[in-house]
Amino acid sequence: MSRVSDLVTDAVTPPSSPASPSRAEPSPAAPASPAAPAAASAPRRRPTRAAILFAGLAVTLVGVMLLAACSGQLPISPGEVWNSLLRGLGVDVPAAAVPTTDAALWSIRFPRIMMAVVIGAALAAAGTLMQAVFANPLAEPGVVGVSSGAALGAAASIVFGWAFLGEWTIAVAAFAAGLVTTLFVYLSSRSGGKTEVVTLVLTGIAVNAFAGAALALLMFLGDAGSREQIVFWQLGSLNGSRWQQFAVVAPLVVAGLVVAFLLARTLDLFSLGERGARHLGVNVEGVRIVVVVVVAVLVCAAVAFAGIIAFVGLVVPHLMRMIIGPVHRGLLAASVLGGAVLLLAADLVARTAVPMADLPIGLLTSLIGGPFFFWLLRRTRRRAGGWA
Amino acid sequence: MTAQASASGALPVTDAGPDPALASTLAPALAAQGVGVVIDGATLLDGVDFDARPGEVHALIGPNGAGKSTLLGVLAGDRPAASGSVQVEGRPIGSWRLRELARTRAVLLQQHDVFFPFTVGEVVAMGRAPWRGTSAEDDDERLIAAALVQTDVAHLLGRTVPSLSGGERARVALARVLAQAAPTLLLDEPTAALDLRHQEDVLRIARARSRSGDTVVVVLHDLNLAAAYADRITLLAGGRVVASGSPDAVLTGERISEVYGQPVEVIPHPRTGAPLILPLR
């Protein structure tokens with residue numbers, strides 16, 4: 001934009017007014033010279049802020065990854081982590097002093113770290129997409145029933161003891177049920193080829209309520225063991241993450257993110273409203289369908305293995321938008337990084353805060369995310385009169 | 001005096017003579033025949049014929065609920081007509097791809113809100129979206145800068161749109177629509193939120209665009225603005241066309257009094273001769 005501001009201060013020739021040649025003030029042009037220098041410098045602030053933010057997020061991400069690798073029941077020094085990393089990559093480095101170091105890192109901590117990164121990125125990106133495409137700051141994947149549907153699928157497979165896919169059954173059931181629920185909510189709130197946002201949210205509320213009741217019924221039907229399993233699944237945890245899971249989740253998340261970034265510039269236009277976007281050539285409903293599918297895939301992939309992790313998709317996009325503004329190419333990238341950092345940090349706290357115990361991470365994100373979101377709301381209201 | 005020129009009168013495009021390329025541009029940029037719109041049993045439009053040609057400012061006027069915005073929505077392709085047909089540059093509007101349509105016509109709505117805190121510069125740049133990936137992208141910066149200056153929002157460049165006043169937001173929306181550089185402009189009450197000077201600005205811009213060969217359809221409530229700037233006026237009431245033609249022909253005291261339910265007198269402006277509509281008070 002900076003070159004535009006240069007052009008503006010050059011004062012482009014205004015259109016002539018053939019009808020009123022005798023007027024003293026014939027042009028609609030603004031001289032506006034006193035304000036021009038200030039305006040010209042203003043748009044430059046965002047790129048600088050963005051650079052600082054991206055650098056900060058990248059450094060933080062690497063830092064937290066390293067910290068997470070070092071922390072745990074078996075403390076490992078950063079140097080040992082580095083050596084183990086090199087050994088794993090086939091570089092000839094002397095063996096670790098403690099023999100279990102490699103096993104602790106490569107079969108427990110590294111997969112868990114990588115799962116936290118991709119799941120955090122997926123949840124935050126999904127939240128950004130939802131908010132963008134419905135031009136609504138409250139849109140969150142949970143609204144369209146992704147989480148409750150997935151929870152229902154997981155609970156059903158636990159209670160009925162489904163095992164047709166072995167140990168993957170719960171994850172697959174959660175993924176499928178989440179996807180189906182999302183598509184049901186979306187398609188049933190469409191009418192005459194259009195989706196009304198309020199209808200979508202209300203449909204989501206109805207479906208979420210139904211799914212909640214069905215979940216309660218399943219817990220009632222199940223025995224104590226499955227009840228406990230359902231409760232803990234719902235609370236969310238990255239405990240027990242393995243490379244095989246990462247190998248399933250990562251490609252889904254990467255595919256979803258690629259589509260998201262391809263759509264980023266179009267997403268900006270949604271902030272003009274449906275008609276405004278359409279007038280600029282956007283197939284509003286077409287883009288929405290693609291985005292809803294992408295969101296469902298991203299969130300279901302995350303939820304299937306980690307359970308329900310709330311607020312990441314709601315808070316991270318808001319926070320990033322406050323820092324670098326709403327332009328979606330930057331916002332998506334920042335949200336991906338921010339979501340990864342947030343979930344990784346939350347998981348680190350979850351497994352180290354209480355010795356010998358793994359706190360449910362979904363509990364943690366809601367515990368911190370809820371009050372934080374409240375603060376964010378108050379602050380935004382004060383500064384810009386709210387989002388609406 | 002151009003305000004009263006007939007559509008085939010003093011327009012620059014006709015001065016070029018029989019050049020076939022220019023003559024073909026005189027075909028209606030937008031045309032509608034027998035358009036009807038019914039929603040929930042209410043007839044919003046009924047058998048409306050309409051056309052707008054390159055080089056003219058065509059004003060749509062009428063009392064509240066006359067169907068002006070509905071007609072504009074049909075012409076913009078936002079809502080389908082239950083009956084009748086609409087053509088854009090001679091082709092049925094339904095056969096246009098959205099992106100092509102966006103390069104052909106730009107629409108200014110009454111609603112100018114921007115949902116997230118985009119800056120003025122970012123919003124105006126959105127007007128260039130239909131041209132992404134074409135050679136017209138080279139003009140982006142020039143057109144954006146020109147639109148910012150024309151609408152007098154250049155000094156707001158770095159401000160976020162939600163922090164602006166209603167009138168400023170309306171001008172930013174207009175700047176975005178102008179930056180779109182489409183040869184047909186559909187403007188729905190572009191002067192509603194604006195002060196005196198910026199109202200005149202908007203219509204001066206509309207007229208300048210029409211004089212360079214573009215087509216402008218503008219919904220107006222201010223009959224004097226319509227009288228001063230429109231080449232043609234279509235008066236709607238109850239979803240039907242009551243009258244259509246030059247301002248002098250349409251804006252008669254008797255007709256306006258009857259359609260609006262408010263007695264008026266129409267006198268020629270002492271200097272320009274344009275009709276002046278004054279409510280009887």
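**Salt bridges, burial and a nonpolar patch**

In this predicted model, the count of salt bridges over all chains comes to 22.

Me: What makes the pair R232(B) and E56(B) a salt bridge?
Reply: The side chains of R232(B) and E56(B) meet at 2.8 Å, N to O, and since a side-chain nitrogen of Arg within 4 Å of a carboxyl oxygen of Glu is what the term requires, the pair therefore qualifies. The pair links distant parts of the chain, with R232(B) in strand β9 of chain B and E56(B) in the loop between β2 and β3, 176 residues apart. Both R232(B) and E56(B) are buried.

Me: Why is R128(B) called buried, and why is D140(B) called buried?
Reply: The relative accessible area of R128(B) is 4% and that of D140(B) is 17%, and because buried means under 20%, the term applies to each of them. The side chains of R128(B) and D140(B) meet in a salt bridge of 2.7 Å, N to O. Here R128(B) lies in the loop between α5 and α6 of chain B, whereas D140(B) belongs to helix α6, 12 residues apart.

Me: How do you know that D201(B) and R204(B) are separated by about one helical turn?
Reply: Both residues belong to helix α8 (residues 196-211) of chain B, and they are about one turn apart because three residues separate them in that helix. D201(B), at 3% relative accessibility, counts as buried, and so does R204(B), at 6%. Salt bridges that share partners join D201(B) and R204(B) with D152(B), R171(B) and R197(B) into one network.

Me: Why is A179(B) called buried?
Reply: A179(B) has a relative accessible area of 0%, and because the term means under 20%, this residue is buried. A179(B) is found in helix α7 (residues 166-179) of chain B, where it touches V124(B), G127(B), R128(B), L143(B), I144(B) and A147(B), leaving aside residues up to four places away in sequence. The C-alpha atoms of A179(B) and A129(B) are 9.8 Å apart in space, although the two residues are 50 apart in sequence.

Me: What makes L221(A) exposed?
Reply: L221(A) has a relative accessibility of 52%, and because exposed means over 50%, the term applies. L221(A) lies in helix α8 of chain A and is one of the residues of a nonpolar surface patch that also includes F160(A), W162(A) and F220(A), with about 870 Å² of accessible area for the patch together. Helix α8 (residues 197-221) of chain A gives the most to this patch, with three residues.

How values were computed: Residues are numbered from 1 along each chain as its sequence is written. Chains are lettered from A and ligands numbered from 1 in the order in which they are written. This is a predicted model: local features need pLDDT of at least 70, side-chain atom pairs count only at pLDDT 80 or more; totals for chains, interfaces and linings use all residues. Side-chain values use heavy atoms; hydrogens and water are left out. Helices (H or I, at least four residues) and strands (E, at least two) are DSSP runs, numbered from the N terminus. Buried means under 20% relative accessible area, exposed over 50%, partly exposed in between (1.4 Å probe, protein chains only). Contact means heavy atoms within 4.5 Å. Patches are made of residues with over 30% relative accessible area and no salt bridge: like charges are joined within 9 Å, nonpolar side chains (Val, Leu, Ile, Met, Phe, Trp, Tyr) within 5 Å. Accessible areas come from the Shrake-Rupley method with a 1.4 Å probe; for residues, only the protein chains shown count as cover.
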